[in-house]
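Here is a short briefing on one protein model. Please look at the sequence and structure first.

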Amino acid sequence: ASPFWLLAWAAGHILGGLAISVALHRYFCHSSFETTRFWHWAMALASCIVVQGSPLAWCIAHQTHHARRDTKGDTHDVGLSYLFWKTYNDVPMVHWRLKQAVKDPVLQFVHRYTLAVIAVWVGI
């Protein structure tokens, strides 16, 4: 593989790790820190770019996982397929922790246009 593709692969993994652990998990789900409007937008868009979908949808599934972990109501499918792709169990979702996030116009925009954001990124 050329050095360019190895660099792109490494950058993608770093972006993915940061988008999932920092943006989606710590910032959007648990409100662990505050940031500027620029980084708020950047993290919302990054969560789409790494193909995790809308931050709102991800956070609802994650909050349900926290509320019902290791039970039949857990959102995460922990079968063998989990090693290759992430699937979610069809369970009622917990929405109570996201009352503030749903009011956020940035998250509403990104939720509404997630596929468009991914398409633009792929086009670039």
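This is a predicted model: local features need pLDDT of at least 70, side-chain atom pairs count only at pLDDT 80 or more; totals for chains, interfaces and linings use all residues.

Residues are numbered from 1 along each chain as its sequence is written, and side-chain values use heavy atoms, with hydrogens and water left out.

**Overall fold**

- The protein has six helices and zero strands. Helices (H or I, at least four residues) and strands (E, at least two) are DSSP runs, numbered from the N terminus.
- The order of elements from the N terminus is α-α-α-α-α-α.
- Of the 124 residues, 33% count as buried. Buried means under 20% relative accessible area, exposed means over 50%, and partly exposed lies in between (1.4 Å probe, protein chains only).
- Among contacts in the protein with a separation of 6 or more, 62% join residues 24 or more positions apart. A contact means heavy atoms within 4.5 Å.

**Packing of α1 with α2**

- Two packed helices are described by the angle between their axes and the distance between the axes.
- Helix α1 spans residues 3-29 and helix α2 spans residues 37-49. They pack at about 125 degrees, with axes 9 Å apart.
- Axes are lines fitted to C-alpha atoms, for helices over the stretch in contact, and angles run from 0 to 180 degrees between N-to-C directions.
- α1 and α2 are therefore oblique to each other. Angles under 35 degrees count as roughly parallel, over 145 as roughly antiparallel, 65 to 115 as roughly perpendicular, and the rest as oblique.
- The crossing of α1 past α2 is left-handed. That term applies if the near helix is turned anticlockwise from the far one by less than a right angle; clockwise is right-handed.
- On the α1 side, the contact uses L15, A19, A23, L24, Y27 and F28. On the α2 side, it uses H40, M43, A44, A46, S47 and I49.
- By class, this contact of α1 with α2 has ten nonpolar, two polar and no charged residues. Ala, Val, Leu, Ile, Met, Phe, Trp, Tyr, Cys and Pro count as nonpolar, Asp, Glu, Lys and Arg as charged, and the others, Gly among them, as polar.

**Packing of α1 with α3**

- Helix α3 covers residues 55-68. α1 and α3 pack at about 75 degrees, with axes 10 Å apart.
- That angle makes α1 roughly perpendicular to α3.
- I20, L24, H25, F28 and C29 in α1 meet P55, W58, C59, H62, Q63 and H66 in α3.
- The contact of α1 with α3 has seven nonpolar, four polar and no charged residues.

**Aromatic pairs**

- Rings of Phe, Tyr and Trp (its six-membered ring) pair if their centres lie within 6.5 Å; planes under 30 degrees apart count as stacked, over 60 as edge-to-face and the rest as tilted. The count by this rule is six aromatic pairs.
- Y27 and F28 form an edge-to-face pair, so called because the ring centres are 4.9 Å apart and the planes stand at 70 degrees. Both Y27 and F28 are buried.
- F109 and Y113 form a tilted pair, at 4.9 Å centre to centre and 50 degrees between the planes. F109 is partly exposed at 35% relative accessibility, and Y113 is partly exposed at 39%.
- Y27, F28 and F33 make up one aromatic cluster.

**Single residues**

- H40 sits in helix α2 and is buried, with 10% relative accessible area. Not counting residues up to four places away in sequence, H40 touches Y27, F28, T35, D104 and V106.
- W58 belongs to helix α3 and is buried at 9%.
- S54 lies in the loop between α2 and α3 and is buried at 6%. S54 touches H111 and T114, not counting residues up to four places away in sequence. The C-alpha atoms of S54 and H111, 57 residues apart along the chain, are separated by 4.8 Å.
- S31 lies in the loop between α1 and α2 and is exposed at 58%. Its phi is near 50 degrees, a positive value in a residue other than glycine.
- Most residues other than glycine have a negative phi.
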